[in-house]
Amino acid sequence: IASLLGVIIVLGVLLFFFRHFAFAALEYQETHNNTHITQLFAITLWPTYATYVKRASAIPRAEMQQRPEVARIRADVLRQMTGLMIVKVKIYNLDGLTVFSTDPRQIGEDKSTHGAFLAAKSGRTISELTFRNHFDALEQAPDDRSLVSSYVPIRSPADAPVEGVMEVYSDVTPYVAQLEKATWQFAAC
């Protein structure tokens with residue numbers, strides 16, 4: 001009985017660490033991908049929209065969703081995200097104002113005191129792996145999704161000062177399902 005109990009405890013500890021490191025690796029990889037997506041945005045689209053983003057704090061919230069820049073950003077973001085596992089994108093100016101979101105209801109929200117925004121504003125990328133029962137995404141509202149959300153500083157070029165913050169949500173549900181399956185397979189061995 002003592003040996004069986006010892007094996008169960010060791011197996012439990014091994015499963016915990018396997019799961020922890022596997023999910024940490026997934027979050028790291030998606031952070032890396034989201035950072036590259038933001039860099040691509042900074043290279044290709046930021047020069048076109050930087051002035052709007054910087055001056056958006058002077059625009060009344062009621063008018064922001066109707067701005068032609070928002071429609072153009074939306075079209076460009078959707079075009080760049082085609083075929084990727086990206087389900088939502090937000091752009092903040094340095095005041096913490098949501099100047100663009102693929103969920104138009106969020107445009108104009110204030111994130112100036114949000115910890116992840118502040119970290120990205122200071123130059124660090126912050127990510128979190130979460131599970132959402134319901135999520136308002138690009139074109140649909142998927143349910144029961146595992147997501148990695150990353151707050152990434154916008155710089156153009158990459159070594160320049162931070163000019164804004166981009167929040168990118170990637171859907172990692174298939175990867176999480178695979179990791180869960182691998183965990184059970186590991187436990188069965």
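A residue is called buried at under 20% relative accessible area, exposed at over 50% and partly exposed in between (1.4 Å probe, protein chains only). The structure is a predicted model, in which local features need pLDDT of at least 70 and side-chain atom pairs count only at pLDDT 80 or more, while totals for chains, interfaces and linings use all residues. Residues are numbered from 1 along each chain as its sequence is written, and side-chain values use heavy atoms, with hydrogens and water left out.

The pLDDT (the predictor's confidence in each residue, from 0 to 100) averages 87 over the protein, and 92% of the residues score at least 70. Helices (H or I, at least four residues) and strands (E, at least two) are DSSP runs numbered from the N terminus. Among these elements, the highest mean pLDDT, 97, belongs to helix α5 (residues 115-121), and the lowest, 79, to helix α6 (residues 173-188).

Strand β1 (residues 86-92) is largely enclosed by the rest of the structure, because 7 of its 7 residues are buried. Strands are paired if DSSP finds at least two bridges between them. Strand β1 runs antiparallel to strand β5 (residues 164-171), to which 6 bridges join it; here I86 stands opposite S170. Strand β1 is also joined to strand β2 (residues 98-101), again antiparallel, by 3 bridges, with Y92 opposite T98. The hairpin of β1 and β2 has 5 residues between the strands, and in this hairpin G96 takes a positive phi near 90 degrees.

The structure holds 7 salt bridges, defined as a side-chain nitrogen of Lys or Arg within 4 Å of a carboxyl oxygen of Asp or Glu. One of them joins K54 and E163, whose closest N and O atoms are 3.0 Å apart. K54 lies in helix α2 (residues 46-55) and E163 in the loop between β4 (143-154) and β5, so the pair ties together parts that are 109 residues apart in sequence. E163 counts as buried, at 16% relative accessibility.

A salt bridge also links D76 and R79 (2.8 Å, N to O). Both residues lie in helix α4 (residues 68-81), 3 residues apart, about one turn of the helix. D76 is buried at 12% relative accessibility, whereas R79 is exposed at 52%. In the salt bridge of D103 with R105, the closest N and O atoms are 3.0 Å apart; D103 is buried, at 6% relative accessibility, and R105 is exposed, with a relative accessible area of 54%.
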